[in-house]
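Colleague: Could you walk me through how to read a few features of a model like this one? I would like the general idea each time, and then the case at hand.

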Amino acid sequence: MIPKVFREVIDLGDGREISIETGKLAKQAHGSVVVQSGKCMLLCTVVSNYQQSDVDFLPLTVDYREKFAASGRYPGGFFKREARPSDGEVLTMRLVDRVLRPLFPKDYHAETQLMIQLMSHDDDVMPDAMAGLAASAAIQLSDLPFETPISEARVGRINGQFIINPTRAQLLESDIDMMIGASADSVMMVEGEMGEISEEDMVEAIKFAHDAIKVQCAAQVRLAEAFGKKETREYETEPEDDALAKKINGLVYDKVYAVARAASAKHERSAAFDAIKEEVKATFTEEELADYGGMVSKYFYKAEKKAVRDLTLNEGLRLDGRKTDEIRPIWSEVDYLPSTHGSAIFTRGETQALATVTLGTSREANQIDMPSFEGEERFYLHYNFPPFSTGEARPLRGTSRREVGHGNLAQRALKGMVPADCPYTVRVVSEVLESNGSSSMATVCAGTMALMDAGVQIKKPVSGIAMGLISDADTGKYAVLSDILGDEDHLGDMDFKVTGTADGITACQMDIKVKGLSYEILVNALKQAQAGRLHILGKLTETIAAPNADVKAHAPKMVTRVIPNEFIGALIGPGGKVIQELQKATKTTIVINEDPITEEGIVEILGTGQAGIDAVLAKIDSLMFKPTVGGTYEVKVIKMLDFGAVVEYMDAPGNETLLHVSELAWERTENVSDVVNMGDVFKVKYFGVDPKTRKEKVSRKALLDKPEGYVARPPRDNNDRGGRDNRGRDNRDNRGRDNRRDDRRPREDRKDD
C-alpha cells in the first residue's frame, strides 16, 4: 500500500524552497517529518512517554546527528561507524533545545526524545538552519502539549543586503552569521557572530529573520491541519492550592525582600534564603510535608522570585546592592603563569577565569570532519567549567554540552580579531575558577588579555558582558540589568550576552523568556550593554593596552617561507631524512604544506632559538640557490679527487659542484693537490651546464690571467686518432667473422674438419 504523503512548500523568495513532508517515513513515531531544501534532507521524529517521570523538570533530549552516508563518505577512524556527537552537532542540539524547552507546560515531566538526522547533504544548504523547523513541525503532528509552532532561520548580510539561510560560501562574504529562533509573535533565541556591527543593525537583522520565521510557522499549521490535527494528550498535572500559595507568600515575601535588600554575598545570601525556607517548613507537620512538601518548595520559590523582582522594579536595587547599570569590581592580571606562551586572569565580582594561550604550527590546527563540513580551525578556544567553581562536588562526565556551547560563543567573539596573516595556530583555554554570573563573558575578557600577553597581534581588544531583564506586563515597568548574577539569570525574563570591540558587536547569545518583547526594549537593553562592555574594555586595557611586540622568550617563534614546488622534495629528502636531521640539528619544528592554488610549498619553521630558525632558512636558501651563467662565486674545497676537487658555494652551504682538474689552472695539472688543498677558499666562474658532459661547469682558471707565452693545445681531430677508428675496417673480410660459426659448432663436428 502506497502511503498518503502530505506536503507543504515554503518559498524563500529567491528561487529556493523548503518543503515539509509527512506520511512516508517513521510512522510509529508520535510525529515525524522530512524537511528538504535542494538535495539536503532532514528526518525528524519525536516520541514522548505517556507516563510522567518522577522528576520536577522536563526530561527532554534533543539529538541531532549527521550521517556520513548523507554526503557519500565514510566515518573517520578505525571503526567505520558514527560515534559520539561532534561539537558541531552538539551546538545544533543546543540551538533547538533552547527554543523548544520553554514552550512545553511547566508541569509536563514525561520523558521526551526528539531526533533529527541529516539523511542527504547539499553543499549549498547548511542543515542546522532547518533543524528548528523540522523539530517544531514534528511536534505539531504529534499529540504533545506544546504552546505554539516555532522555527529557526539563519540571517547573513552581504553588501548591506540581508539573506535568509545563506550558503557556506555566502557566509564567507557576510558580516553577520546569526541564528534566530522565534514563534509567530515572539523572538525567543538569538545567537551568532558579527563583524563589529551596531546595535541597530543587529535588531534589523533579527526583524528580517523573524519575518521569514512567521511564514515557516504558518506552513506548519497548514501541514498539521491537512494531516489531521491530533487532540492534545491528557497528562497528570501538578496539584495547585491557592490557599497554600497565599499562606507561604505571606510567610516568605517580606523576609526575602529584606535579605535581598541587604546586599549580601552569594553564599551568605543563599544561607539566609535557606534559613527562611526551613522556618516555613517548620510551620507544617511532618504529615503535611509528606503530603505536599513539593508544593511548599514550589510556592516558596515563587514568593522568593517575586520579592527579588519587585525589589529591582520598585527600588532599582539588586541582590548584591548594585544599581541596575552598575558593573561589579574588576581586577585582572597578565603573565601569571611563567611557562605558558600567554596567560591572564580576569575577575569580575565572584566570577573568575584563567586563560592560557598556546602557539603552534598548522599541524596543531583543529580538524573538523563532519558530513556537512570538512576543514580546520587555526584559532580555537576550549572552555572548562569544573564543579569547584560553584562550590560543588559532583562527578566529572567529560565535556558537557554547556562547556561546548559557552566555549564556542567565546571563540566566535574573538576569532574575527585574529589577523588572517597570523602565522600561528592559536589555542586558547579558559579555566573557570569561580562562577556567579557569566563565566563565558569572563572567558572572552581573559582570552583577549592572554592573546595580547602572548604577542598575538589581534586587531582590537574584545570585552563581553551578560545582561538581564525584569519586566512586569501589568504595570509596564521593566529594568535592564548589567552584569547579572547567577540568581538574576534564573529569575529574569531575558539573558543575553554581548561581546564586541570599541567599534561594534562581534558575537551574541540571547534567550528571551517573556512573550512579545518589544524591539524598543531590546534596543535599550543593547545600548545599556554597549556602555557596560565599554566600561569593562577600559579596565582590560588598563592592565594591557596592546599586544606585546613579540612572543615570549620561551615561546616558539614562527617564520613562514614560500618555496617553488620543485624544491619540496629536496627539503624533505629520501624518506624524510633531510627534514628530520635538520629539525634535530636546529631544534625546530618544520611543517611543509602545499598551496592548493599555486602548488608552491609553504614552509613553517617553529623554534624558540633564532639561531636554529636562521639555520633552517639558510638551508632553504642553499637548496634554492641557482648560480647564473657568467657569475662569479666564492667556493670552498670540501673533497679532493684524482680528477678534480669538489667545492661548496660559500653563499649556499651544502650546495656543491665539481671543479675539474682541467679548470684549475692554465698550466697542465698533474696532481690536484699541486694547485688546491682541502679547505682552500677561492672564486670560480660559472658556465652553466656543459652540453658534452651534461654537468655543471665551473672554472678557476677563467678568473686567472693567462701565463706569458701560453699556447693552448690544439683541439684533437676526431678523424685522426692514431688509426684507432679504422682498426680492421679495410680488412673486414680477414677478421674471421665467417669462422665464428665454426667455433660455435659441436666439438664432434669440428673433429671431422
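**Reading the model**

Modeller: Let's begin with a loop: N165 lies between β8 (161–164) and α3 (168–171), where helices (H or I, at least four residues) and strands (E, at least two) are DSSP runs numbered from the N terminus. Residues are numbered from 1 along each chain as its sequence is written. This is a predicted model, so local features need pLDDT of at least 70, side-chain atom pairs count only at pLDDT 80 or more, and totals for chains, interfaces and linings use all residues, while side-chain values use heavy atoms, with hydrogens and water left out.

Colleague: What is the phi of N165?

Modeller: N165 has a positive phi of about 50 degrees, although it is not a glycine. D483, in the loop between β19 (478–482) and α10, is another residue other than glycine with a positive phi, near 55 degrees.

Colleague: Is D483 buried or exposed?

Modeller: Buried means under 20% relative accessible area, exposed over 50%, and partly exposed in between (1.4 Å probe, protein chains only). D483 has a relative accessible area of 1%, so it is buried. N165 counts as buried too, because its relative accessibility is 10%.

Colleague: How far apart are the end C-alpha atoms of helix α6?

Modeller: The expected span of a helix is 1.5 Å times one less than its number of residues. For the 17 residues of α6 (residues 266–282) that should give 24 Å, and the end C-alpha atoms are 24 Å apart, which agrees.

Colleague: Which residues of α6 are buried?

Modeller: They are K266, R269, F273, I276 and V280. Seen down the axis of α6, these residues fall within an arc of 95 degrees, so they line one face of the helix; the arc is that of the directions from the helix axis to the C-beta atoms. On the other side of α6, H267, E268 and A282 are exposed. The buried residues pack against α5 (242–261), α7 (286–315) and α10 (486–491), where contact means heavy atoms within 4.5 Å.

Colleague: How many disulfides are there?

Modeller: A disulfide is a pair of cysteine sulfur atoms within 2.5 Å, and by this rule the count is 0. For C445, the nearest cysteine sulfur, that of C508, is 16 Å away. C445 counts as buried because its relative accessibility is 0%.

Colleague: And what is the radius of gyration of the protein chain?

Modeller: The radius is taken over C-alpha atoms, and the globule rule is 2.2 Å times the number of residues to the power 0.38. A compact globule of 753 residues would be near 27 Å, but the protein chain has 39 Å. Its C-alpha trace spans about 135 × 75 × 50 Å along the principal axes.
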